Amino acid sequence: MAAQRKVIISCAVTGAIHTPSMSPHLPVTADEIVRDSLAAAEAGAAILHLHARDPKDGRPTQDPAFFRAFLPRIKAETNAVINITTGGSPHMTVEERMRPAMEFAPEVASLNMGSMNFGLFPMLQRFSELRHPWERDHLENSRDLVFKNTYRDIEVILTRGSANGTRFEFECYDTNHLYNLAHFVDRGLVPGKPFVQTVFGILGGIGPHPEDLLHMRRTADRLFGKDYEWSVLGAGRNQMPLATIGLASGSHVRVGLEDSLWIGPGQLAASNADQVKRIRLIAEALNLQIATPDEAREILGLKGGGNVAF
């Protein structure tokens with residue numbers, strides 16, 4: 001009997017897209033991020049993808065001091081792989097976005113694979129009651145925003161991170177991002193198999209239709225053959241449907257309140273663990289095994305939790 005495929009569940013705990021007024025369940029403080037991270041790991045997330053927020057008003061921040069308030073606490077309580085963002089917020093400079101991953105040398109860091117329009121302003125139609133002035137500006141200003149990730153930016157993050165032994169979750173929002181990744185693979189700047197996180201449903205990137213998912217998979221297969229690990233991230237209401245299609249098609253999956261605030265139509269997820277439990281149930285119904293953190297390390301060729309700087 002063939003061995004069951006092992007699926008890595010990543011959980012993106014808070015992010016920089018949604019704002020605190022959109023959901024009372026979005027983690028903001030260090031205590032909330034620790035609580036939700038540990039619960040998500042207990043539910044089956046092998047990887048915890050982490051951003052930080054200023055606890056005064058929930059504003060996204062890349063100040064390492066805010067990461068330091070929760071990273072050691074999470075590491076002390078769980079064996080889960082910790083993945084630190086280099087995406088930060090589209091409103092930040094690249095140097096600002098790099099700071100936490102460069103200081104803490106995590107096992108994994110996210111890396112956006114191309115510049116793009118990143119339209120958050122449609123959320124203003126759904127969330128009109130915003131408590132903090134920055135929230136409206138954050139969404140409205142995305143009408144005239146290019147999320148900057150030039151070839152130089154990517155090369156700097158990739159080479160500096162690799163020097164620390166950090167591997168990357170390559171966030172690909174469209175097919176051109178896959179070709180950008182292939183460029184860096186061909187140059188020998190991506191050690192081992194790339195971990196390709198295909199992202200669907202962000203305005204400015206590829207859409208959330210199942211054919212879009214299959215097109216990204218076909219393109220990645222053409223560029224990388226079998227030499228990559230594939231994961232699916234669906235934004236908003238597309239989270240569970242696209243993750244399910246991905247699981248049935250051979251992918252790993254990412255869930256979490258960074259990517260979607262919802263657990264069902266019109267129903268806010270009460271925690272990140274709720275989403276992890278839901279996708280785990282779907283994966284197990286497909287007779288897939290959930291990878292442990294150490295199995296995820298083996299699949300992705302990571303350096304191990306004992307080799308980080310926190």
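User: What do the buried residues of α5 pack against?
Analyst: This is a predicted model. In it, the buried residues of α5 pack against β4 (52-53) and β5 (60-61).

User: Which residues of α5 are buried?
Analyst: Trp134, Glu135, His138 and Leu139 are the buried residues of α5.

User: And where do they fall, seen down the axis of α5?
Analyst: Within an arc of 130°, so the buried residues line one face of the helix.

User: Switching to aromatics. How many aromatic pairs does the structure hold?
Analyst: There are 7 aromatic pairs in the structure. One of them is formed by phenylalanine 118 and phenylalanine 147, with ring centres 5.5 Å apart and planes at 90°, so that pair is edge-to-face.

User: Where do phenylalanine 118 and phenylalanine 147 lie?
Analyst: Phenylalanine 118 is in the loop between β8 (116-117) and α5 (133-140), and phenylalanine 147 is in strand β9 (residues 146-147). The pair therefore ties together parts that are 29 residues apart in sequence.

User: Is phenylalanine 118 buried or exposed?
Analyst: Phenylalanine 118 has a relative accessibility of 3%, so it counts as buried. Phenylalanine 147 is also buried, with a relative accessible area of 3%.

User: What about phenylalanine 224 and tyrosine 228, how is that pair arranged?
Analyst: Phenylalanine 224 and tyrosine 228 form a tilted aromatic pair, 5.7 Å centre to centre with 55° between the planes. Both residues are buried.

User: Which residues form an aromatic cluster?
Analyst: Phe118, Phe147 and Tyr173 form one aromatic cluster. Tyrosine 173 also has a side-chain polar contact with the side chain of asparagine 112, at 3.3 Å.

User: OK, asparagine 112 then. Which strand does it lie in?
Analyst: Asparagine 112 lies in strand β7, which covers residues 108-112. Its relative accessibility is 3%, so asparagine 112 counts as buried.

User: Which residues does asparagine 112 touch?
Analyst: Not counting residues up to four places away in sequence, asparagine 112 touches Gly87, Phe147, Asn149, Ile154, Glu171 and Tyr173. Of these, Phe147 and Tyr173 are among the members of the aromatic cluster.

User: Next, tyrosine 151. Which helix does it lie in?
Analyst: Tyrosine 151 lies in helix α6, residues 151-163. With a relative accessible area of 49%, tyrosine 151 is partly exposed. The cut-off for exposed is over 50%.

User: Which residue does the side chain of tyrosine 151 join in a polar contact?
Analyst: Asparagine 180, through a side-chain polar contact of 2.9 Å. Tyrosine 151 and asparagine 180 are 29 residues apart in sequence, and their C-alpha atoms are 8.2 Å apart in space.

User: Which residues does tyrosine 151 touch?
Analyst: Leaving out residues up to four places away in sequence, tyrosine 151 touches Asn180, His183 and Phe184.

User: Let's do voids. How much space lies in the largest pocket?
Analyst: The largest pocket holds about 760 Å³ of space. It is lined by 42 residues, of which Gly201, Ile202, Ala235, Gly236 and Asp259 are the closest to its centre.

User: Which elements give two or more residues to the lining of the largest pocket?
Analyst: Those are β7 and β14 (262-264). β7 is also the strand that contains asparagine 112.

User: How many cavities of 30 Å³ or more does the structure hold?
Analyst: The structure holds 1 cavity of 30 Å³ or more. The largest cavity has a volume of about 100 Å³. Its lining has 14 residues, and the closest to the cavity centre are Arg167, Phe168, Phe170, Lys193 and Phe195.

User: Which elements give two or more residues to the lining of the largest cavity?
Analyst: α6 and β10 (167-172) do. The largest share comes from β10, with 3 residues. α6 is the helix that contains tyrosine 151.

User: One more residue: where is the place of aspartate 36?
Analyst: Aspartate 36 is in helix α1, residues 30-43. At 4% relative accessibility, aspartate 36 counts as buried.

User: Which side chain does the side chain of aspartate 36 make a polar contact with?
Analyst: That of arginine 35, at 3.0 Å.

User: And which residues is aspartate 36 in contact with, leaving aside neighbours within four places in sequence?
Analyst: Aspartate 36 is in contact with Val13, His25, Pro27, Leu257, Ser271 and Asn272.

Terms used: Residues are numbered from 1 along each chain as its sequence is written. This is a predicted model: local features need pLDDT of at least 70, side-chain atom pairs count only at pLDDT 80 or more; totals for chains, interfaces and linings use all residues. Side-chain values use heavy atoms; hydrogens and water are left out. Helices (H or I, at least four residues) and strands (E, at least two) are DSSP runs, numbered from the N terminus. Buried means under 20% relative accessible area, exposed over 50%, partly exposed in between (1.4 Å probe, protein chains only). A polar contact is a pair of N or O atoms within 3.5 Å; within protein, one must be able to donate a hydrogen and the other to accept it, and residues adjacent in sequence count only if both atoms are side-chain atoms. Contact means heavy atoms within 4.5 Å. Rings of Phe, Tyr and Trp (its six-membered ring) pair if their centres lie within 6.5 Å; planes under 30 degrees apart count as stacked, over 60 as edge-to-face and the rest as tilted. The arc is that of the directions from the helix axis to the C-beta atoms. On a 1 Å grid over the protein atoms alone, a cavity is a set of points where a 1.4 Å probe fits but cannot get out, and a pocket is an open set with protein on both sides within 12 Å along at least five of seven lines; lining residues have an atom within 4 Å of a point. Grid points are joined across faces, edges and corners, and a volume is the space filled by probe spheres set on the points.
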